[in-house]
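Let's take a walk through this one, starting at a pocket and ending at a sheet. Keep the viewer open as you read.

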Amino acid sequence: MRESGILLPVSALPGKYGIGCFSREAYEFVDRLVQTEQRYWQILPLGPTSYGDSPYQSFSTYAGNPYFICLETLTEEGLLTREECDGADFGRDERYVDYGRIYQERYVLLRKAYQRSQIGENPEFIRFMEENAWWLDDYALFMAVKGRMKEASWEQWPEDIRRRWGYSMDYYRRELYFDIEFYKFLQFKFAEQWGRLKKYANENGIRIIGDIPIYVAFDSADTWAHPELFQLDEDNVPVAVAGCPPDGFAADGQLWGNPLYLWDYHRQTGYDWWMRRLKHCFQMYDVARIDHFRGFDEYFSIPCGEKTARNGHWEKGPGLDFFQVMRQRLGEKELIAEDLGYVTDSVRQLVQDSGFPGMKVLEFAFDSRDTGSASDYLPHNYPVNSVVYTGTHDNETLTGWFQGILPEERYLLRRYLGDFHTPGEEIYRKIISLVMGSTARMCIIPIQDYMGLDNRARINKPSTLGVNWKWRLLPGEFSDELAEWILEVTSIYGRRAWHPRNRE
């Protein structure tokens, strides 16, 4: 079966109050996916973001981002007033999220909603707390203590709570009772609203592709509550951290800073923490993309304290054993293996042995700096069991990429397309048709590429801060005209999904 979908982060949805969320506009986007006969909506990780606003650096691998809670829904429930929401300053530019203003204003409103909710008497909330206590208790306490410590990273907390000594844990649970309940309230509302949106999508034939970052943030409830899972010393300081080596794109490599897993420990426990994490993800999403899949084959280890990734080295990961255990514990699940970058024979073998589709990115096919693997990304070389993208959230938009590549690279692209006449500002349509016509079973296109937008619409530029995760779709931009073209190209290349609503 040939299928297609659209990539759009929740944060990039249009709507009021500064950031995309689970509002009416999210449901309207699902309706557009149905109208254009897509099968998938791919999003980015939904976790609460920390410094830098990256969804790949979250305070919890289980929790949801409170920014995505729809304030209008809280107003309908009588927990907020429209005047309170309209009176908040979320920034003046509808096109870009102002995270500073969101942080300052949104929690004030969410706290008011909590205080009016009498949530402790809600039987559904009580049941939610009981069912999720295995992660929710640690997360809510972590966030409450973090607030008491003026948002300091947990390694800077006093030793008693940093090391989770029993009397200290009891003290903060009593002292911060209402703060803890507030963070549990936020997770309850997130789960409630996301559950409704996902149910609406699924009932209309749209499946959600979620994203699992392979690593967790050091400053997270996960690392604080379970230091035994990571390569930490006796003081719970990382021994080594994650990143990737120098290459033609980054002379110093990339220093991500995430703690590395103690894979021997995970193996001894039957990967129990990972299995619980994956089970939780498959309750939130229909399909999951594992970011940095090659880390399961080999991971890059950088000594803690290094300023660059130059002195790192490769270590063996858990390999196929991990996914065999996953199938035994969780059954057959749909995963996408993010196998981009420098791919070794052993990584290729792991992807093949796992049976999961790998990823292909068209923009990589014509890069003169990476001639060794560029041919892997040419559409005529795609295996059927793969997912093709024009670009991902980490890449330039298609139009921005075409504007910036070298003349000889543009020549190679046009030669491959057999098209030397289409104006540069319109070439994105030809490229989209190229990937939609490929043999890859699944094709995912970022909405910015369908719109032909330049790099002002780029989601993320790796290794930079302060300019990422901000772009938003504006009301009306997913127009009838755009929908007609998306449906046409989807139809031409046999990727239409059958939706009952479209046959009524």
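Helix 4 (99-117), helix 5 (123-148) and helix 8 (177-203) each give at least two residues to the lining of the second largest pocket; helices here are DSSP runs of H or I with at least four residues, strands are E runs of at least two, and both are numbered from the N terminus. Helix 5 has the largest share of that lining, with six residues. A pocket, on a 1 Å grid over the protein atoms alone, is an open set of points where a 1.4 Å probe fits, with protein on both sides within 12 Å along at least five of seven lines, and lining residues have an atom within 4 Å of a point.

This is a predicted model, so to speak plainly: local features need pLDDT of at least 70 and side-chain atom pairs pLDDT 80 or more, while totals for chains, interfaces and linings use all residues. Residues are numbered from 1 along each chain as its sequence is written, and side-chain values use heavy atoms, leaving out hydrogens and water.

Back to the pocket: its volume is about 570 Å³, counted as the space filled by probe spheres set on the grid points, which are joined across faces, edges and corners. Of its 26 lining residues, Phe59, Tyr103, Tyr107, Met143 and Glu151 are the closest to the centre.

Four strands form an open, antiparallel sheet in the order 5-4-7-8, where pairing takes at least two DSSP bridges between two strands. Strand 5 (254-259) and strand 8 (313-316) each have a single partner strand, so one side of each lacks a neighbour in the sheet. Strand 7 (residues 298-303) is joined to strand 8 by four bridges, and Ser301 sits opposite His313 in strand 8.
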